[in-house]
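Dear colleague,

Please read them with the structure open beside you.

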Amino acid sequence: MSAAPALAPPARANTGWQGLSVGLAIALLATFALLPVGALLVLSLFDAEGRFVALANFAAYLGTPALAESAWRSLRLAALSASICTAIAFVYAYALTLSCLRWKPFFRGVALLPLLAPSLLMAISLVYLFGNQGLLKGWFGIGSIYGETGIVIGSVLWTLPHALLILSTALATTDGRLYEAAQTLGAGRWRIFFTVTLPAARYGLVMALTVVFVLVVTDFGVPKVVGGQASVLATDLYKQVVGQQNFRMGAVVGVLLLLPAVLSFWVERSVGRRQSAALTVRATPYEPQPHAATDAALLLFCSAVAGVLLTVIGVAVFASVATYWPYDLTPTLKNYDFDQTDGGGWGTYGNSLWMASCTAVLGCAVAFTLAWLVDKPRRHGAARQLLHGMATLPLAVPGLALGLGYILFFNRPGNPLNGMYATMSILVVCTVVHFLAVAHLSLLTALRQLDREYELVAESLGVPAWRTAWRVHLPVCLPALLEVAGYFFVNAMTTVSAVVFLYAPHTQLASVAVLNMDDAGDVAPAAAMAVLIFATAAAARLAFAGAGRLVLARTQRWRRR
Amino acid sequence: MPVAAVERLQPAGLNAGAAASTAQPFLRIEAVEKRFGAATVLDGVSLDIQDHEFVCLLGPSGCGKTTLLRILCGIETASGGRIVRRGQDITALPPAARRFGVVFQSYALFPNLNALQNVAYGLRGTTAAQAGERSRQMLDLVGLAAHGQKYPAQLSGGQQQRVALARALAPQPQLLLLDEPLSALDAQVRQVLRGEIRRLQQQLRVPTVMVTHDQDEALAIADRVVLMHSGRIVQDAGPLALYARPANAFVARFVGRMNLWAAVPAGPGLLRVGQALLAHAGARPAGPAGPLLLGIRPEAVHVRPLLAADFALARDEGAGLAPGNRVAAVVRGIVFCGAHVVLSLDAPTLGLPIEVVLPTPPGEQLAWAAGDRVVAELPADALIVLADDDIARHAVAAV
C-alpha cells in the first residue's frame with residue numbers, strides 16, 4: 001500500500017478483496033462446473049487403456065445401428081415436439097397478451113402448472129389415460145401410446161410453460177403504438193398480425209423452438225416412462241451408465257447431448273443481442289380491443305389446452321388415490337404408504353425437502369454473490385467477463401451430462417473432494433450448478449436496474465463496496481432473490497436428470513423414487529409421489545409468492561411514486 | 001414583445017380563429033366525454049375544425065388533450081358525445097375506416113420495414129407500382145428521397161419523424177392528427193421540423209390537429225390554439241388573441257409569462273394594487289364581483305432611469321397615486337437570457353415585484369444593474385383584468 005495513506009484514493013486501496021473474491025469464485029466454478037464437464041469430454045476421447053483415440057468412441061457409437069437410430073430419433077422427436085409445442089404456445093401466448101380473452105390469470109396459471117411437476121408426472125398420466133389399462137385407450141386412434149407418439153405428447157405437455165413464458169414476453173413487449181399506427185393506416189387484423197405481431201415475435205419464436213428442442217433432447221423422464229421400445233439419447237445414456245456401467249459410452253452420449261445445448265446457448269446469445277436492439281424505441285403497452293369472433297375462438301382454444309393440461313394432471317391426482325386404476329376407483333390413501341413399496345419410502349420425500357431447502361439457500365447466496373461480482377466491481381474487467389461466461393455455462397449443460405461428469409470427477413480416488421461423493425452435499429452442489437445460469441441472469445438483471453452512479457456516489461462518500469452491497473443492492477434485489485429461491489426449490493424438488501446418478505441409498509430423492517417405482521411397475525405409488533412433489537412445489541411457489549408480496553409491501557415502498 | 005405589439009396593431013386581425021366561417025365545419029366535436037372508472041378525463045369538450053385549418057390542442061400533461069386526439073383517430077372510444085364529419089356521425093367508426101393520418105410522438109415506424117415500405121404501408125387498393133411511386137413522392141416531399149432503403153434504426157430521430165409524417169400523409173388523409181410529434185427531438189431539429197410541418201400542411205391544405213404541451217410550438221405553428229385544462233377547453237382562440245387576451249389567469253400563466261397582482265376596484269377604470277392606483281383600458285370580467293387580478297406581460301412594462309424630475313412622482317406615491325401608471329422601483333435582480341434580459345423590480349407602492357423583459361442591448365454591457373433606481377411605466381392599454389378564480393389558483397399550484 002501507499003506510503004502516504006492519507007493521499008491514496010480510498011477507492012483503489014479497498015478493491016483488493018474484490019479481485020480476490022472474483023478469483024475465488026472462478027476457482028469454485030471451475031471445480032464444480034468446468035472440471036466435471038471436462039472429465040466427461042476427456043473420458044469420451046480416450047479408450048479403455050487410456051490412449052487418446054480422438055473421435056473413435058463417437059464413431060463406434062454412431063456405427064452401432066441401434067444407437068445411431070436412437071440419436072436420430074432424439075433429434076426427430078425433439079424437432080417435432082418443439083414445433084407443436086411452439087405453435088400451441090404461440091396461439092396461447094397471443095390470447096394471453098394481445099386479445100380480450102376472459103379469465104386470463106386462470107389460463108396463465110393453468111398453463112404454468114407443468115413447471116411444478118417432474119416431467120414424469122405427465123408421462124405417468126398419459127399411461128393412465130392411454131396405456132394398456134388406460135381409461136381412454138379405445139379413443140386413441142393412432143395406436144399405442146408407448147413409443148414415439150407418447151414421447152411427443154408428453155414432451156409437448158411438460159415443455160409448454162417454457163415456450164409460453166418466452167413467447168408471452170416477446171409478444172407483450174411489442175410497442176403498442178405500432179398496432180395503433182397500423183390501425184390508423186387502415187390495416188385489418190390479419191395484416192396487422194403479419195406485419196406487426198409476427199415480426200416482433202420472430203426472435204421469441206426462434207428462442208422457444210430452440211429451448212423446447214433442447215429440453216426434449218435432454219429430458220429422459222418422459223421417454224423412460226412412455227418410450228416403450230423407442231430408445232432415445234437420454235435413455236441410452238441412462239442405460240449405459242446405470243444398466244451397463246459403461247461410463248465411456250455414457251460420456252460419449254453425454255457429449256452428444258451437449259451439442260444441441262451449446263447450439264441453444266449460442267442462439268440465445270446472438271438472438272438476445274438483436275432482440276434488445278429491436279426494442280430501443282420507447283415502447284408503450286398495447287391495450288387489446290375486443291373482437292367477438294377472435295376472442296371467442298381463442299377462448300375455445302385456450303379452454304381446450306387448459307382442459308387437456310388439467311385432465312392430465314387431474315388424472316394423476318385421481319389415480320394416485322384410486323384403489324386399482326381403472327377398475328376399482330374407490331378412494332384410498334394406500335398408494336401414499338410409500339414405506340410399503342420398493343424403491344421409495346417417505347424418507348425420500350424428507351430427503352427431497354431437505355435437499356431443496358439447502359439448494360434454495362445455497363443457490364441464492366451463490367447466485368447473488370456471482371451476479372454482484374460480475375456487475376459491480378469496476379476493475380478486473382477480463383476476470384469478471386470470464387466469471388460471467390462460467391456462470392452461464394450450466395445453461396448449456398444438460399442435467400444428465402452434468403450428473404455423469406460429477407460421478408467421473410468426484411468419484412476419482414485421487415480427488416480431495418472425494419468425500420462429498422454419496423452425500424447430500426454433492427446433490428445440493430450439483431443441483432445448484434445445474435440451475436445456476438437462469439438464477440444468475442435474473443439476479444444480474446435485478447442488479448443492473450440500479451444506475452452505476454450509485455456505486456460512484458457510495459465510493460466518493462468513502463463507503464466500502466461491501467456495505468453498499470449489503471445496504472442497497474441486497475434490499476433492492478430482495479424480490480428477485482425470493483423469485484430465485486422459489487425457482488431453485490421447485491427445480492430441486494422436480495429434477496431427475498442430474499441427481500439420478502449421484503444419490504446413495506440414504507440420500508435417495510422423491511423424484512428419483514418416482515422413476516424407480518415406475519420402473520418396478522408400482523405405477524400408482526409413483527403417481528402418488530409425483531403428485532406429492534407437485535403439491536409441495538405448488539405450496540412452495542405460493543409461499544414464496546406470499547413472502548414476495550409481504551416483502552414488497554414492507555421493504556419496497558420506494559418502488560411506489 | 002413583438003407578438004404583443006403586432007396584436008395591438010391588428011386588433012381585429014387575420015388570426016381571430018374564433019371567427020369561424022358559417023359553412024359546415026369539416027369536423028364537429030360535440031360534448032365529448034371520456035371517463036376511466038371514476039376519473040373524468042374529458043368533461044364535455046366541443047370543438048369545430050374547419051377545412052384547411054391547423055388547430056393545436058395545448059395544455060399541461062393530464063389535461064386530456066392526448067385522449068381527445070386518440071378519440072378523434074378512433075383508437076379510444078368516447079364515453080359520451082359525438083364526432084361528426086361533414087354531417088356524418090363517425091363516433092363509432094373504427095380507425096381504419098376514418099381515413100385520418102396519425103403521427104405519434106414515438107414515431108411508431110415498423111422496425112422490420114424500410115422507409116419506403118413504411119410509407120407504402122397505408123396505400124391499399126393501388127398497384128405495387130403506383131404505391132411505390134406515391135411513396136417515393138412522399139419521401140421526396142419530406143426531403144428523404146435518398147433514404148428510402150434505410151430501416152428505421154438507421155435513421156436519426158428527425159428523419160424517422162419525417163418518414164412517419166410521409167407515411168401518415170401518403171394515403172391522402174382527410175385529417176392529419178399529430179400527437180406531440182416533436183417532443184422527442186432536440187431543440188434544433190424541432191425548430192426545423194416545426195417549420196416543415198407547417199409548410200407541408202399549407203401546401204397540401206389538409207386540416208390538422210396537433211397535440212402539444214409546448215406553448216411556443218403552438219403559438220408558432222397553429223391557426224388556432226385550443227387550451228385545455230382538467231378535461232375542459234379553457235380558451236379557443238387565434239395565437240395572438242390567446243396571448244393578448246387570456247380568458248383567465250390560468251391561460252395568462254400558461255401562455256407566456258405575466259405579472260399578476262391581486263387588485264381591488266377603485267372606481268371606473270381604476271384598480272388599486274397595494275397602495276398604487278392604476279388606470280386600465282380593458283373591461284373587467286363579467287359575472288359576480290370576486291377577487292380580481294391585474295396582469296401585464298413583462299415585455300409591455302417600460303423602464304427608464306429615475307430622474308430628478310421624478311421627484312413629484314415620489315410625492316404623489318405618498319398620496320397613493322400613480323400618475324401616468326408610473327411607479328418608482330429598484331432593480332433587485334437581473335438575468336441575462338441571450339436575446340433578452342429579465343429584470344426583477346421592487347416597487348414599494350405595489351408591495352409586489354414586477355418582472356420586466358427587455359431586448360438585450362448591443363455590446364457587452366447590460367443597461368441595468370442591481371440597485372439601480374428606476375421608473376416602471378405600466379401602460380393602461382397593456383393591463384389586463386382577470387378574475388382570481390379557483391382554476392387560476394389550481395394552475396399556480398401545478399406550476
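W261(B) stands opposite L294(B), a residue of strand 14 of chain B. Before going further, please note that this is a predicted model, in which local features need pLDDT of at least 70 and side-chain atom pairs count only at pLDDT 80 or more, while totals for chains, interfaces and linings use all residues. Residues are numbered from 1 along each chain as its sequence is written, and chains are lettered from A and ligands numbered from 1 in the order in which they are written.

Strand 11 (residues 259–265) of chain B runs antiparallel to strand 14 of chain B and is joined to it by five bridges; strands are DSSP runs of E with at least two residues, helices are runs of H or I with at least four, and both are numbered from the N terminus. Two strands are said to pair if DSSP finds at least two bridges between them. Strand 14 of chain B also pairs with strand 20 (residues 384–387) of chain B, in the antiparallel sense and over four bridges, and here L292(B) stands opposite A387(B).

Strand 14 (residues 292–296) of chain B is mostly covered, with five of its five residues buried; buried means that 20 or more other C-beta atoms lie within 10 Å of the residue's own, exposed means 12 or fewer, and partly exposed is in between, with C-beta atoms placed from the backbone. In a regular strand the side chains alternate between the two faces of the sheet. In strand 14 of chain B, L292(B), L294(B) and I296(B) are buried on one side, and L293(B) and G295(B) are buried on the other.

Helix 2 (residues 65–73) of chain B is largely enclosed by the rest of the structure, because eight of its nine residues are buried; among them are K65(B) and R70(B). Just after this helix, G74(B) takes a positive phi of about 95°. In the loop between strand 3 (54–58) and helix 2 of chain B lies P60(B), which counts as partly exposed because it has 16 C-beta neighbours inside 10 Å.

Most residues other than glycine have a negative phi. R86(B), however, has a positive phi of about 45° although it is not a glycine, and it lies in the loop between strand 4 (80–85) and strand 5 (88–89) of chain B. Phi of Q172(B), likewise a residue other than glycine, is positive and near 50°. R86(B) counts as exposed, with 12 C-beta neighbours inside 10 Å, and Q172(B) counts as exposed with 12 such neighbours inside 10 Å.

**Helices of chain A**

Helix 14 (residues 346–375) and helix 20 (residues 465–494) of chain A pack at an angle of about 140°, with their axes 8 Å apart; the axes are lines fitted to C-alpha atoms over the stretch in contact, and angles run from 0 to 180 degrees between N-to-C directions.

V305(A) is found in helix 13 (residues 292–320) of chain A, and it counts as buried because it has 21 C-beta neighbours inside 10 Å. The C-alpha atoms of V305(A) and F107(A) are separated by 9.1 Å, although these residues are 198 residues apart along the chain.

With best wishes
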